[in-house]
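Please read them with the structure open beside the text.

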Amino acid sequence: MSAQTVLAFTETARQGNFAAAARNLGLTASAVAKSVARLEEELGLRLFHRTTRKVSLTGDGNRLFSQCRRLLDEMEAIREEAEGSRREPGGVLRLNLPITYGKKVVVPVLAELCRRHPALSLDLGFSDHRVDLIAEGLDALVRIGPLGDSRLLARRIGAQSLAVVASAGYLARHGAPRAPAALAGHGCIGFRIPATGRIRPWQFGVGRRPAEWHPPDRFVLDEGEAVVAAAAAGLGLAQVPTHMAEAELRGGRLVEVLAGYRPPALPISLVYPTARHVPLRLRVLIEALTPLAAGHRGKPRTTARRNA
């Protein structure tokens, strides 16, 4: 297994086709495809499913890609470490981010990071579904909620709190609920989870115990920012992540109710593969995102003063 065949294989796995891999490696698509074919012949394994437009990893290809990627990352990190502070972080940061949190919170940090380090490039994907970091060839991903993959390391960068919100106009007409039990008398905007089709139950902390409330299906939307917009327009109450509605809360277009019943916050983590040597581009990313955790403490709330 030569260095050239390994590079051809890993870059093809990352890009999903031979042409894009060839551009990044400064080779022809034919040369990359032949290198991959030689590697498959040497190993006696089929590494890719091939179509006319793209390729995708087989199970054997996934396992090999995971091993090769760790090896290449460690080699790059060792070289960076040897060169010391003379080296400017560079290369492509391949990340996957939650859609709204990624756009509103992480992308501005990444933009500033790239301004400070012009040799850095970004390749960003946005998804609220679970993504296999290793299989997708990512440097890192941001995940909301508990973690369970022992192959990964995590650095907490924030917390997701849920708040029940409504417009001041809606509250003036209908009053503010004093407890979750009073929600049945209000118009409530539900969020349909695209992956499952289910309406997400609202979460509350009642005493020390978590509790759920299932909103009716009169107003149901399957996009988070649309839920915020509908609540700000006065359609009804909604339970949304605070980062999603922060601008509306600060500007007074939305008001929080039932603040004393907020459920425990979920951790937001930067997740990356376990490795003895972390590439410099990933180290500067970790340093840039870690201060976000402190920024999530002590955020001002706009809460309803009028109860019904």
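**Notes on the predicted model**

1. T58 counts as buried, because its relative accessibility is 9% and the cut-off for that class is under 20%. The model is a predicted one, and in it T58 lies in the loop between β2 (55-57) and α4 (59-83). Leaving aside residues up to four places away in sequence, T58 touches R46, L47, F48 and H49.

2. On the sheet, 5 strands form an open arrangement in the order β4-β3-β5-β14-β6, with mixed pairing. The edges are taken by β4 (120-126) and β6 (152-160), each of which has a single partner strand, so one side of each is left without a neighbour in the sheet. From one strand to the next the twist averages 20°.

3. At one end of that order, β6 and β14 pair in the antiparallel sense over 8 bridges, and A159 stands opposite P267 in β14. As background, strands of a sheet pair through backbone hydrogen bonds, either parallel or antiparallel.

4. Helix α5 (residues 99-116) has 18 residues and spans 24 Å from its first C-alpha to its last, which is close to the 26 Å expected at 1.5 Å a residue.

5. Which residues of α5 are buried? They are T100, Y101, G102, V105, V106, V109, L110 and L113.

6. The largest nonpolar core has 25 residues, of which Y101, V142, L270, L285 and L289 touch the most other members. At least two residues of this core come from each of β3 (91-97), α5, β5 (140-144), β14 (266-273) and α9 (280-289), and α9 supplies the largest share, with 7 residues.

7. For V142, one of the core residues named above, the contacts are N96, L97, P98, Y101, V106, I157, I268, S269 and L270, not counting residues up to four places away in sequence. A second, separate core of 17 residues includes V6, F18, V36 and V55. In soluble globular proteins, nonpolar side chains tend to be buried together.

How values were computed
Residues are numbered from 1 along each chain as its sequence is written. This is a predicted model: local features need pLDDT of at least 70, side-chain atom pairs count only at pLDDT 80 or more; totals for chains, interfaces and linings use all residues. Side-chain values use heavy atoms; hydrogens and water are left out. Helices (H or I, at least four residues) and strands (E, at least two) are DSSP runs, numbered from the N terminus. The expected span of a helix is 1.5 Å times one less than its number of residues. Buried means under 20% relative accessible area, exposed over 50%, partly exposed in between (1.4 Å probe, protein chains only). A nonpolar core is a set of buried Ala, Val, Leu, Ile, Met, Phe, Trp, Tyr and Cys residues joined through side-chain atoms within 4.5 Å. Contact means heavy atoms within 4.5 Å. Two strands pair if DSSP finds at least two bridges between them. Axes are lines fitted to C-alpha atoms, for helices over the stretch in contact, and angles run from 0 to 180 degrees between N-to-C directions.
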